[in-house]
Amino acid sequence: MADIVRMDSDDVADVERIWTEFVPSAELQHIDPERFSFRWRSVALADVAIIRYSLTATVESCIRPEDQLFACRLVSGPGSWVRSRQRYIEPGIPWATDGAQVEARWEDTADVSALAFDRGRAQELARRITGDDLLSLRLTGLEPRNDAAAHHWGRAFDYLLNAGSTTDDDEILEAGLSRHALVTTLSCFASTYLEAISRVRDDAGALTVRRAVTYIDENAQRPITVDDVAAAAHISTRGLQYAFRRSLETSPTEYLRRVRLDGAHRDLRHASPRATVAAIARRWGFANPSRFSALYRQVYGRSPKETLEHG
């Protein structure tokens, strides 16, 4: 069951209490109580805590997780910094650690986004995804692999926070969000997980998945089925489902749905003045407008109509 916490406070003790509750290794070394304000929002799922807070004060802090894998982005004004072992990280760039100490300082308002995973459960899930029962999960880089990875992590975080707040205690959905949070983080930062995935993708199953993905990408607007995808990839439908789960941690149906949603999203953003949501949805295989709107809002955080009207 998702545990949602919201707090607005002007009491320094509140930020110290709630922050160390979610991240036990966090240490707030100095907070200037003058002009202090604190706004916190978090969603705790079974395997990940999704945290966003805004803190106005002069602050010095550090974190050195022992039993957690922790990813974070701090956005603040001039004079702020983030560093680890005397290596400075540009504020606004996500960073991640599973043991290395990271320190931060800011003098005005900082907006912080963070994902905190239980390290043991994260390793267990990474082993299931990769099929490597001996995988020792470690981060091998503090910063994102590239600019695209940094941008992707930020977008994924926004989606996770919004979706996690509206799960209605659906255990299957919460498990899916936890998995998405971990896979996104381990894919955006250099890790032993990526090394294991690379090995998996070199096998024949990965070749099958690549064929299937190409077929889906090229034919998503046609009324294709998973059986059609399997035939194009020269594999049984059951075998295709297994290959997708092993290589991509999703199903062919889910991948096809996401490609169609992405196509509808592009068409909505660039539609003519006479276009309608229903017509664009039908073009991409969504016959039920209400179902399409619900799926679209879950992924993009707003309604199809809003995208159609505002781009």
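The model is predicted: local features need pLDDT of at least 70, side-chain atom pairs count only at pLDDT 80 or more, and totals for chains, interfaces and linings use all residues. Residues are numbered from 1 along each chain as its sequence is written, and side-chain values use heavy atoms, leaving out hydrogens and water.

Start with the build. The protein has twelve helices and 13 strands. Both are DSSP runs, numbered from the N terminus: helices are H or I with at least four residues, strands E with at least two. The C-alpha atoms fill a box of roughly 65 × 50 × 35 Å along the principal axes. Buried residues make up 47% of the 311 residues; buried means under 20% relative accessible area, with a 1.4 Å probe and protein chains only.

Now look inside. In soluble globular proteins, nonpolar side chains tend to be buried together. A nonpolar core here is a set of buried Ala, Val, Leu, Ile, Met, Phe, Trp, Tyr and Cys residues joined through side-chain atoms within 4.5 Å. The largest one has 35 residues. Trp 19, Phe 38 and Trp 40 are among those with the most contacts inside it. Elements giving two or more residues to this core include helix H1 (12-22), strand E3 (37-44) and strand E4 (48-56). H1 supplies the largest share, five residues.

What does Trp 19 touch, not counting residues up to four places away in sequence? Its partners are Ala 26, Leu 28, Trp 40, Ile 51, Tyr 53 and Phe 70. Contact means heavy atoms within 4.5 Å.

A second, separate core has 32 residues, including Leu 69, Ala 126, Ala 149 and Leu 182.

Terms used: Buried means under 20% relative accessible area, exposed over 50%, partly exposed in between (1.4 Å probe, protein chains only).
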